[in-house]
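Subject: Structure handover

Hi,

Here is the structure for you to look over. My notes on it follow below.

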Amino acid sequence: METGLHHYRKLFLRSSAPRKTLDRQSLPSPLQYLTERGLLKGKARGEWAAICCPVHKGGAEKNASLRVSQVDG
């Protein structure tokens, strides 16, 4: 019986499921997405926007601690 990475690779490569591609043109820009959901805190500067982390304090933190790239989200 095969184990480990070699076994996983054989199973993965046998998969005949078609790969799906993401149509990035149909998605909103990261800045638009953050603004529409009320996540943006203050002004975005350069490539980065600051938001309150949804994990810290159950999303109720007062100061933004998470940075999100406006280029690729």
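Start with C53: its backbone nitrogen lies 2.6 Å from a polar atom of the E61 side chain. The E61 side chain also makes a polar contact with the side chain of S65, at 2.8 Å (N or O atoms within 3.5 Å, one able to donate a hydrogen and the other to accept it; residues adjacent in sequence count only through side-chain atoms on both sides). E61 sits in the loop between strand 1 (48-51) and strand 2 (66-69). Strands are DSSP E runs of at least two residues, helices H or I runs of at least four, numbered from the N terminus.

This is a predicted model: local features need pLDDT of at least 70, side-chain atom pairs 80 or more, while totals for chains, interfaces and linings use all residues. Numbering runs from 1 along each chain as its sequence is written, and side-chain values use heavy atoms, without hydrogens or water.

E61 is buried (under 20% relative accessible area; exposed is over 50%, partly exposed in between; 1.4 Å probe, protein chains only). E61 has no salt bridge (Lys or Arg side-chain nitrogen within 4 Å of an Asp or Glu carboxyl oxygen). The nearest side chain of opposite charge, K57, is 6.4 Å away (Lys and Arg count as positive, Asp and Glu as negative; His and chain ends are not counted).

The salt bridge count is one. E36 pairs with R37, with the closest N and O atoms 3.7 Å apart. E36 is exposed at 53% relative accessible area; R37 is partly exposed at 45%.

Regards
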